[in-house]
Amino acid sequence: MSRCTKITLVLALFSLFFSYAQQKFTISGTVSEASSNETLIGVTIAIPALRTGVTTNEYGFYSLTLPEGEYQLQVSYLGFQTILQNFILSENRQVDFQMTEQAEQLAEVVVTDDVEKMDVRTPQMSVNALSVETIKKIPVILGEADVIKSILLLPGVTSAGEGASGFNVRGGSADQNLILLDEATIFNASHLFGFFSVFNPDAIKDIKLYKGGIPARYGGRLSSVLDIFQKEGNSKAIKVNGGLGAVASRLLVEGPIIKDKAAFLIGGRASYAHLFLPLFNLDNTAYFYDLNTKINFNLSDRNSIYLSGYFGRDVFGISDSFVNTYGNAVGNFRWNHLFSNKLFSNLSLIYSDYYYGLKLDFVGFNWNSGISNFNMKYDLKHYVNDRLQINYGVNNIYYQFNPGKIEPSNDTSGIVEDQLVRKYANELAAYIDIKHDLSNDFSLGYGLRFSNFIRLGQEEINVYENNEAVFFDPTLLIYREAVPIATVNAKNRRLATFNNLEPRVSLSYTLSSESSVKASYTRLAQYLHLLSNTNSPTPLDVWTPSGPFAKPQLLDQYALGYFKNLRGGEFSLETEVFYKDIQNRIDYIDGANLIANDAIEQVILNGEARAYGLEVLLRKNEGRFQGWLAYTLSKSEQRTPGRNPQETGINFGEWYNTPYDKPQDFSFFGSYELNEKWSFNSNFVYQTGQPTNYPIGQFEFQGLSIPYYGLRNRERLPAYHRLDVAATLTPRKNMGRKWQAEWVFSIYNLYSRKNAASINFRRNQDTGVNEAVRTSIFGIVPAVTYNFKF
């Protein structure tokens, strides 16, 4: 080895040693909005010269560890003016930032180059975020801004159609979505059977939809996580905003309890279309209302507490003989504690409840059912250095299931009170999640979640021969309910215990400053099942826990994507392919009765499912015209083979389309700001028709024509498509006034497409010929909404 080579090697080793030995310090703090002290989630804190940085967490906190030196720090966030600050880092520092909104309030935001580069580099993929401003621009039915309807415009997200509750992600069922409001589980996210969602957009601060690469801190559902955080409340001044719409109105008030230290928020919505029904001699009722509340208190620089809640109810009635009431109630107490400038913690105590009730006076009884849970979570985020972050925590959820209780509605009904067997369960989980930047070009996210689910004892449980609750008839080749051989009291024992390890891995490799490739693997376990054999969930559907006959669903998902910023971030392109494999997907035998069934195990079997596809999302992020094009090409199938060679399985053990299989899904959203007075918004949706079953023949029996059907979901409804438009008028007299207002004029389904909700077959009474009857819910629907704030 030459002398020159030796000197070079020594210098290299010295340089490496010096870089590790060089003293490092931490800059940390919170980022909030200047006008309200509302903390901001996802703000980028970057050091452009080092191509490094972090984003604020769910409570606006950040921490960045750097070598001693002089730096320029850049703070960037959508809709706010970028902050550039030079500083010398020679000791640990706490620096809080307050950001000011862009002057153009209606502009969606100009994103700087450096911020876009950070997005390209992060290993997180398969996640979409929508701002509240964007959600309010999207035209929807009857002019009511809607979170759920808005995410349906994203790739990989569909629904069963108009008036359908829930949503489907990457070919999964609606019960495979974990919906969180301030960390509390929402079991039914719909008002009025799916026409509206339960989320008041005025009370929302942040929305993220995880479709894959789901962080290890989340668990319990297979397809997605919709994570929604409410605002904290304005601690500087009292602010009021609201809106008057065609069918509902809303009002939100927020303000300080102690200025700059504690704040409150309270918001309410209510519909009132039912008030006009008597004008048409209709003695019916259909309305909803909900309430959002929140209080936050900064006890010190290191401690903050939050108390938040939501309560909502829907009421649908036909005269006084039939009344249906259902809704969610949640509450959450959270304590943020900062152990050091690198270690952030949050303790949450959460209660969630979903109630469903029926009043049936015409048959003389009332029906009540529901699910509730108590959840304790403790999460910690450790900012080890500028290249390594570690999240870890535990949570425990205790569940109570009420499948249904029947009570007589009056003394003369003759109905005997009866309670279906209540069920209980406990779910414990612990996780660790690591984000590791291995180099400037290669980032890795990896984690592990351990989940333990215990099906606790209950008053009684059926015992079956060979432990099989479903009997296969080899003569008729059909499945039937098995007859229990005994019923035993199981109150003081565990019925089943399940343990699962759920690894998560995601990586990102930067090809250039504007492009990267990403890949992820996700394993998830789901222990709760929504019993529903309809195409979309209904309020009557019942949740049931895994146990001796219903195994936990297990998912393995693989995803690969290419991401690129175009023209300096003015456009962005996201493409992903995915494959999902699901074990133990519940399937139902033919003719299964799920309503008020106290032996649900007699009509279900464990099968499997798979889904795969391609997603493309092209966004325009800057300028007067902004929006996106989304396209999904996918397939979603399931099958339930026989449990042994003698059984045929459901659908003869063949793969068949799931009810939410939509091979082609295209959506467009565009927003154009003409001037300070007028802005225009539009969206277009096209989806392949929903799988269904049509009769393939009929036979005569005692003078009646009886249709018979072939294999499951072989046919489809006609393709679904519609165009919506909206125009927003912001009066010029708003300028300089405390009272700010706008008018939103919208038209849903502009060309009045009669999209089929269902197609039924009947015999024409006049001609005697069989005919198909299409049922459509909406044609063209205009609406006007008046929004205000002061």
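Gln-626 sits in strand E41, residues 625–639; strands here are DSSP runs of at least two residues, numbered from the N terminus. This is a predicted model, where local features need pLDDT of at least 70, side-chain atom pairs count only at pLDDT 80 or more, and totals for chains, interfaces and linings use all residues. Residues are numbered from 1 along each chain as its sequence is written, and side-chain values use heavy atoms, with hydrogens and water left out.

Is Gln-626 buried or exposed? Gln-626 counts as buried because its relative accessibility is 9%; buried means under 20% relative accessible area, exposed over 50%, and partly exposed in between, with a 1.4 Å probe and protein chains only. A polar atom of the Gln-626 side chain lies 2.9 Å from the backbone oxygen of Gly-623. Ser-671 is 45 residues away from Gln-626 in sequence, but the two are 5.3 Å apart in space, C-alpha to C-alpha.

Next, Arg-455, in strand E29, residues 442–455. A polar atom of the Arg-455 side chain does lie 3.5 Å from the backbone oxygen of Ser-546. Leaving out residues up to four places away in sequence, Arg-455 touches several others, including Tyr-424, Leu-495 and Pro-548; contact means heavy atoms within 4.5 Å.

Last, Phe-333, in strand E23. Phe-333 counts as partly exposed, because its relative accessibility is 31%.

Technical notes
Helix = DSSP H or I, 4+ residues; strand = E, 2+ residues; numbered from the N terminus. Polar contact = N/O pair within 3.5 Å; in protein donor to acceptor, adjacent residues only side chain to side chain.
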